[in-house]
Amino acid sequence: MSDLVEPRTANIAYETDQPVLYETEGPIAWVTMNRPTFNNAQNSQMTYALDDAFKRAVDDDAVKVIILRGAGKHFSAGHDIGTPGRDVNKTFDRRLMWADHTNKPAAEMLYTREHEVYLGMCRRWRDIPKPTIALVQGACVAGGLMLAWVCDFIVATDDAFFQDPVVRMGIPGVEYFAHAFELPPRVAKEFLMLGERLPAARAEQYGMVNKIVSREELEGAGRTMASKLAEYPRLGLWLSKQAINHVEDLRGKRTAMDAHYHMHHFAHAQNDLTTGNTLGGQDAKSMAAANKKQAGEG
């Protein structure tokens, strides 16, 4: 046991005990990220609550379609790297076959944790046997991309944008690395290496977004799509989803993510060695300020 460390502790102040809301409407389950004060930044509390909500929808035979959305102005600002509810060092009841991360030394800590809460959870949700629809408004940044990309359909508002600016941290993209499958290779390089915002209209051109509507139309558009899907046989929808996901995996999606995951954590370790911080000294404020400056916002 000498290679373990004392379990890490954290001072955490959650602003809500309901980071995810769940409701059903006939055959539709609505899963709503509920941290609008922090633009639905994803801490572990939210991630495990999302898993609970998705499992609840899967277990309910009356539910045929799942809609994922975010409360407030933005879909998701990404992983929580700066709110009082940041809970990186907290232990949760794990859903996958990974050990607890809090007593692991050095780079092993994040490597273990992110196998569960990021890469592992997203793969788990991608394989949900029911159709999933992401309704994206405003910002869908970094970790927010992962939540939208695991869904089968993306409906976005005309003011929505997508962005993965983590190269500023010296990190080659978020853990669920679907960039080169969602976008053509040169566009994926532009998206990742420049870290600029990709407007919904341009994302639609590449097939990353299925439909663009106004904010006022977003909920109705999701309901209309879900209602149409709910009319089809459950097994037929599941088999269709499996078939297309299988094609993606034959093209190397899963193995590409495995390779990238190690690059991602090499970058975290390099940051820790050179700056003493796994995020290269960046935090939520510095990243948000840089993003706004790059977009020409005040």
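**A quick tour**

T274 sits in helix 9, which covers residues 253-275. Keep in mind that this is a predicted model. We'll start with that residue, then move on to a sheet and another helix.

**T274**
- With a relative accessibility of 54%, T274 counts as exposed, because the cut-off for that is over 50%.
- A polar atom of the T274 side chain is 2.8 Å from the backbone oxygen of Q270.
- P184 is 90 residues away from T274 in sequence, and their C-alpha atoms are 33 Å apart in space.

- Six strands make up an open sheet, ordered 1-2-3-4-6-9, with mixed pairing.
- Strand 1 (20-25) and strand 9 are the edge strands, so called because each pairs on one side only.
- On average, neighbouring strands in this sheet are turned by 20 degrees against each other, ignoring direction.
- Strands 1 and 2 run antiparallel and are joined by six bridges.
- Y22 has V31 in strand 2 as its bridge partner.

**Helix 7**
- Helix 7 (residues 215-230) has 16 residues, so at 1.5 Å a residue it should span 22 Å; its end C-alpha atoms are 24 Å apart, which agrees.
- Its buried residues are L218, A221, G222, M225, A226, L229 and A230.
- Those residues cover an arc of only 165 degrees around the axis, so they lie on the same side of helix 7.
- On the face turned away from the buried side of helix 7, you'll find the exposed residues E216 and K228.
- The cover over the buried residues of helix 7 includes strand 2 (28-33), strand 3 (65-70), strand 4 (132-136), strand 6 (153-157), strand 9 (211-213) and helix 8 (234-250).

Terms used: Residues are numbered from 1 along each chain as its sequence is written. This is a predicted model: local features need pLDDT of at least 70, side-chain atom pairs count only at pLDDT 80 or more; totals for chains, interfaces and linings use all residues. Side-chain values use heavy atoms; hydrogens and water are left out. Helices (H or I, at least four residues) and strands (E, at least two) are DSSP runs, numbered from the N terminus. The expected span of a helix is 1.5 Å times one less than its number of residues. Buried means under 20% relative accessible area, exposed over 50%, partly exposed in between (1.4 Å probe, protein chains only). The arc is that of the directions from the helix axis to the C-beta atoms. Contact means heavy atoms within 4.5 Å. A polar contact is a pair of N or O atoms within 3.5 Å; within protein, one must be able to donate a hydrogen and the other to accept it, and residues adjacent in sequence count only if both atoms are side-chain atoms. Two strands pair if DSSP finds at least two bridges between them. Axes are lines fitted to C-alpha atoms, for helices over the stretch in contact, and angles run from 0 to 180 degrees between N-to-C directions.
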